[in-house]
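I opened my notebook to look around a structure that was new to me.

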Amino acid sequence: MDDVDRKILAELQQDGRLTVTELAARVRLSVSPCHRRLRELERSGAISGYRAVVEPTAVGLTFEALVFVSMRQEDRDTVAEFERAVGEVEHVLDAQRLFGEPDYLLRVATADLAAFQRLYDERLATLPGVQRLTSTLVMKHVVRDRPLPG
């Protein structure tokens, strides 16, 4: 990966809907070399996809919480089953395995507090291997969906 590839990535992180022609102009390449580099970045996995960033409140998800998960046991099978099961919970927007305690951090979005309580009681608390859940409510986002640094 060279500086031109990094410029391509930076531009696409700012606006993933750029045409190849617009992208080429911004990174000072002709269209064909830019297109080749773009396809190589996609093929190599440096670009894993394109998506729209949707405002949660626009789709009725006005409540967000961070849930800390401590596991009862952390053997390979339990961890794999927990991670598979948490991946199936659509209201879990992010799930990260952590070093130390707690074991996982989940970012969850629901319509309201009542919906969060149902999700917490019926789905999160019943995930495989869970010993304890602790949650905190998100007051506001200070930094959100920031592009990766160059």
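**Notes on the cores and a helix pair**

I looked up Leu127 and found that Leu127 touches Phe82, Ala85, Val86 and Val89, leaving out residues up to four places away in sequence; contact means heavy atoms within 4.5 Å. I kept in mind that this is a predicted model, where local features need pLDDT of at least 70, side-chain atom pairs count only at pLDDT 80 or more, and totals for chains, interfaces and linings use all residues. Residues are numbered from 1 along each chain as its sequence is written, and side-chain values use heavy atoms, with hydrogens and water left out.

Next I checked the largest nonpolar core, which has 21 residues; Leu127 and Phe82 are among those with the most contacts inside it. A nonpolar core is a set of buried (under 20% relative accessible area, 1.4 Å probe, protein chains only) Ala, Val, Leu, Ile, Met, Phe, Trp, Tyr and Cys residues joined through side-chain atoms within 4.5 Å. Strand S1 gives the most to this core, with 5 residues. Another core lies apart from it, with 11 residues, including Leu23 and Cys34.

Then I turned to helices H2 (residues 20-27) and H3 (residues 31-44), whose axes come within 9 Å and cross at roughly 100°. H2 and H3 are therefore roughly perpendicular to each other (65 to 115 degrees). Helices here are DSSP runs (H or I, at least four residues), and strands are too (E, at least two). Axes are lines fitted to C-alpha atoms, for helices over the stretch in contact, with angles from 0 to 180 degrees between N-to-C directions.

Technical notes:
Parallel < 35°, antiparallel > 145°, perpendicular 65-115°, else oblique. Buried < 20%, exposed > 50% of the residue type's maximum accessible area, 1.4 Å probe, protein only.
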